[in-house]
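I opened this notebook to keep track of what I look up in a structure that is new to me. The entries follow the order in which I checked things.

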Amino acid sequence: MMVDKRHPGPSGPAGQTRQATVPLYDFRPPVGTPYGLEVSTVEDFFAQHDDWPSNPPRPGRATFHYLIAVTEGELRHDVDHLTRTVAPGQWLWVRPGHAQCWHPPGTARGPFILFEPDVLRSDIARLLAPLTAHEAPAVLSPHPDDAAWLQQTALQLLDEHRALGRRSLDVHHALRRSLLESVLLRLTNAPGIAPGTDTAGTSRADRYGCFLDALELHFRELHQAANYAELLGCSVRTLSRAARESTGKGVREVIDERRLLEARRLLGSARWDARSVADHLGFTGPANFGRFFRDRTGLTPAAFAAREARTVPPPPPPG
């Protein structure tokens, strides 16, 4: 399942020839899996990679969501270059565009759900915006009142996914989507998820949301407003207006903020050097990256990394 065995090669936006440092994978479930949703288990995933460690699943970024409910054991997984530990009762969420890397098989068991963003109905997607946001927590601890229900419903989703052919395809998919949306709506009650707002708003707000989705996937390779306007099929002026109305910021400022956030993560918790970060984020060289970083933080990349090294413990070794 997933990256190694069903996603044979990285892809990128049209016209891009520069290879991303961390490859980008599309959603390619097994033949016969309908409508952008696949459900399996963590133990099945590890069983399919029985040649570990000689051929482990490759690190990468995906255009779809990974959602894992840990029912037994413990799961360790890297999300955006930080190792997360997921205990029984917790959920791991790797959102589109996040860098992720598997650790060797452990004792974890539980449902493993993969879905494309557009599998959700638009009205439900708006309600789920705080949960699907790129900055939302990677590890979720459901509200105690929801924990048992969530686990049961996730297992029902797994059962329905495996029941392909038991009923008509349209009914089968409607049931799967309904169960998935029910799980996600309950997860919005988890601590750390910001309260939702009424986002039924304008097409500009929707366009800005699409821009953020595209940005999360491509900020390492695409750095100009015109790049994103082309991807979204609108003019730079239209995209700029949507960004201003949503945040008060210009498109380029939003792009730069996302690149800066990634740079801070890599220099700090992940302990990358400035040259590696510059290459990863598409700068022409360390000097160019150094000016970008210093202008926005008041520190050189080396000074920032040294400061973080004094306050942040090193990441645990691969387990």
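Entry 1, terms and ground rules. I call a residue buried under 20% relative accessible area, exposed over 50%, and partly exposed in between, using a 1.4 Å probe and protein chains only. The model is predicted, so I note that local features need pLDDT of at least 70 and side-chain atom pairs count only at pLDDT 80 or more, while totals for chains, interfaces and linings use all residues. Residues are numbered from 1 along each chain as its sequence is written, and side-chain values use heavy atoms, with hydrogens and water left out.

I looked up the secondary structure and found 13 helices and 10 strands. Helices (H or I, at least four residues) and strands (E, at least two) are DSSP runs, numbered from the N terminus. Of the 319 residues in the protein, 44% are buried. Among contacts between residues at least 6 apart in sequence, 73% join residues at least 24 apart.

I asked myself where Glu262 is placed. Glu262 is in helix 10. Is Glu262 buried or exposed? Glu262 counts as buried because its relative accessibility is 0%. Leaving out residues up to four places away in sequence, Glu262 touches Asp80, His81, Phe219, Arg220, His280 and Leu281.

Side chains of opposite charge can pair when their charged atoms come close. The rule I used for a salt bridge is a side-chain nitrogen of Lys or Arg within 4 Å of a carboxyl oxygen of Asp or Glu. How many salt bridges does this rule give? The count is 15.

I then took some of them one by one. Asp80 and Arg265 form a salt bridge through their side chains, at 2.7 Å from N to O. This pair links distant parts of the chain, 185 residues apart: Asp80 is in the loop between strand 5 (75–79) and strand 6 (82–86), and Arg265 is in helix 10 (residues 251–267). Asp80 is buried, at 4% relative accessibility, whereas Arg265 is partly exposed, at 26% relative accessible area.

Glu262 pairs with Arg220 in a salt bridge of 3.3 Å, N to O. That pair also links distant parts of the chain, 42 residues apart, with Arg220 in the loop between helix 7 (203–218) and helix 8 (225–232). Arg220 is buried, with a relative accessible area of 1%.

Glu262 has a salt bridge to Arg265 as well, at 3.6 Å, N to O. Glu262 and Arg265 are 3 residues apart in helix 10, so about one helical turn separates them. I noted the network of salt bridges that links Asp80, Glu216, Arg220, Arg258, Glu262 and Arg265.

The expected span of a helix is 1.5 Å times one less than its number of residues. For the 18 residues of helix 5 (residues 144–161) this should come to 26 Å, and the end C-alpha atoms are 26 Å apart, which agrees. Which residues of helix 5 are buried? They are Asp146, Leu150, Thr153, Ala154, Leu157, Leu158, Glu160 and His161. Their cover includes strand 2 (37–41), strand 7 (91–94), strand 9 (111–115) and helix 6 (169–187).

I searched the whole structure for disulfides, meaning pairs of cysteine sulfur atoms within 2.5 Å, and found 0. Cys234 is in no disulfide, and the nearest cysteine sulfur, that of Cys210, is 9.4 Å away. Cys234 is buried, at 18% relative accessible area. Cys101 is partly exposed, at 23%.

Leu164 lies in the loop between helix 5 and helix 6 and is partly exposed, with a relative accessible area of 45%. Asp118 is in the loop between strand 9 and helix 3 (122–127) and is exposed, at 64%. From C-alpha to C-alpha, Asp118 and Gly36 are 7.9 Å apart in space, though 82 residues apart in sequence.

Methods. Contact means heavy atoms within 4.5 Å.
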